[in-house]
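Hi there,

Here is the structure I promised to pass on. Have a look at it first, and my notes follow below.

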Amino acid sequence: MLKKIDRGRLFLQAHQELFACPICQQKFFAADNGLVCANRHRFDLSKKGTLFFLDHAVKTEYDQGMFLPRQRMIQSGMYQPVLARIKEHLTSADTVLDVGCGEGSFLNQLISTPTQTAVGFDIAKEGINLATNQAVPAFWCVADLTNLPFADVSFDTVLNIFSPSNYEEFNRILKKGGQLIKVVPAENYLKELRMAFFPDDLAKQTYSNQRVVDKFLAHYPTATRQRVTHVFAIPEALQQDLLAMSPLEWAASEAAKEALRKKPLTKITVDVDILIAKIY
């Protein structure tokens with residue numbers, strides 16, 4: 001069985017054309033242990049077979065305490081109807097980039113054929129380290145959304161699931177005829193958790209992403225919009241994980257969190273808009 005670093009090296013040798021130097025934007029060439037550009041900017045593989053494209057370390061609120069519960073919830077099937085709908089729009093030959101991939105569970109469930117080429121990146125190094133444990137033969141890297149280390153017109157599909165956007169960069173790296181698939185929480189997303197965390201705060205119980213949707217449609221007026229809503233029965237063993245997987249926990253009072261630990265939710269609503277833009 002290949003080591004992670006060897007898997008990463010083989011991927012770069014086969015797909016070096018997907019990447020471009022984030023410092024000077026020149027194309028990369030596969031080196032013995034990573035990528036190097038014509039201006040000799042070099043990025044070496046970590047022992048886990050990942051590349052770190054940032055010029056400085058970044059501290060985020062997202063850590064293993066959130067990523068691992070999130071991973072278990074995704075693997076339990078919480079988002080299966082959403083992922084099934086997305087999968088309908090992927091072809092067996094797609095080159096796919098997952099933006100803000102976290103610990104890689106979404107990409108792991110979406111890539112299903114060996115002819116698909118997949119890359120996932122996140123700004124959180126802890127998430128990328130966990131992603132290397134996924135079964136999917138994807139390449140993982142730490143990168144900045146504002147300065148993507150990818151070549152122009154290099155991807156068929158960009159996935160933007162519950163993560164920030166940079167439409168200028170997405171347009172640059174997408175092939176003509178490619179697509180951007182953005183998943184945005186709709187008004188009833190995790191409504192049971194919001195009501196339990198904020199029982200006396202109506203403003204925090206209500207939720208709207210209309211501004212995000214409007215911005216997407218302003219960039220892509222011909223985009224399609226699909227709503228997916230379902231209620232997920234939470235496996236008893238994972239009911240505590242639901243509390244830790246969402247940033248909602250950061251703003252909840254300790255009393256509200258303790259009440260939920262003692263009497264956890266048994267079901268949760270998943271309600272999202274899937275926005276799909278074709279690039280012409």
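D6 sits in helix α1, residues 4–15 (helices are DSSP runs of H or I with at least four residues, strands are runs of E with at least two, both numbered from the N terminus). D6 counts as partly exposed because its relative accessibility is 26% (buried means under 20% relative accessible area, exposed over 50%, partly exposed in between, with a 1.4 Å probe and protein chains only). Its side chain makes a polar contact of 2.6 Å with that of R9 (a pair of N or O atoms within 3.5 Å, where one must be able to donate a hydrogen and the other to accept it; residues adjacent in sequence count only if both atoms are side-chain atoms). K48 is 42 residues from D6 in sequence, with 9.0 Å between their C-alpha atoms.

A word on the source: this is a predicted model, in which local features need pLDDT of at least 70 and side-chain atom pairs count only at pLDDT 80 or more, while totals for chains, interfaces and linings use all residues. Residues are numbered from 1 along each chain as its sequence is written, and side-chain values use heavy atoms, without hydrogens and water.

Now the sheet. Its 8 strands form an open sheet with mixed pairing, in the order β4-β7-β6-β5-β8-β9-β11-β10 (two strands pair if DSSP finds at least two bridges between them). β4 (51–52) and β10 (224–233) are at the edges with a single partner strand each, so one side of each has no neighbour in the sheet. Further in, β5 (95–99) and β8 (155–161) pair in the parallel sense over 3 bridges, and D98 stands opposite L159 in β8.

β8 also runs parallel to β9, with 6 bridges; T157 has Q179 in β9 as its bridge partner. β9 and β11 are antiparallel and joined by 7 bridges, including the pair I181 and I276. Of the 12 residues in β9, 9 are buried.

Finally, the largest nonpolar core has 46 residues, and Y79 is among those with the most contacts inside it (a core is a set of buried Ala, Val, Leu, Ile, Met, Phe, Trp, Tyr and Cys residues joined through side-chain atoms within 4.5 Å). β11 gives the most to this core, with 5 residues. Apart from this core lies another, of 39 residues, including F28 and F170.

Enjoy exploring!
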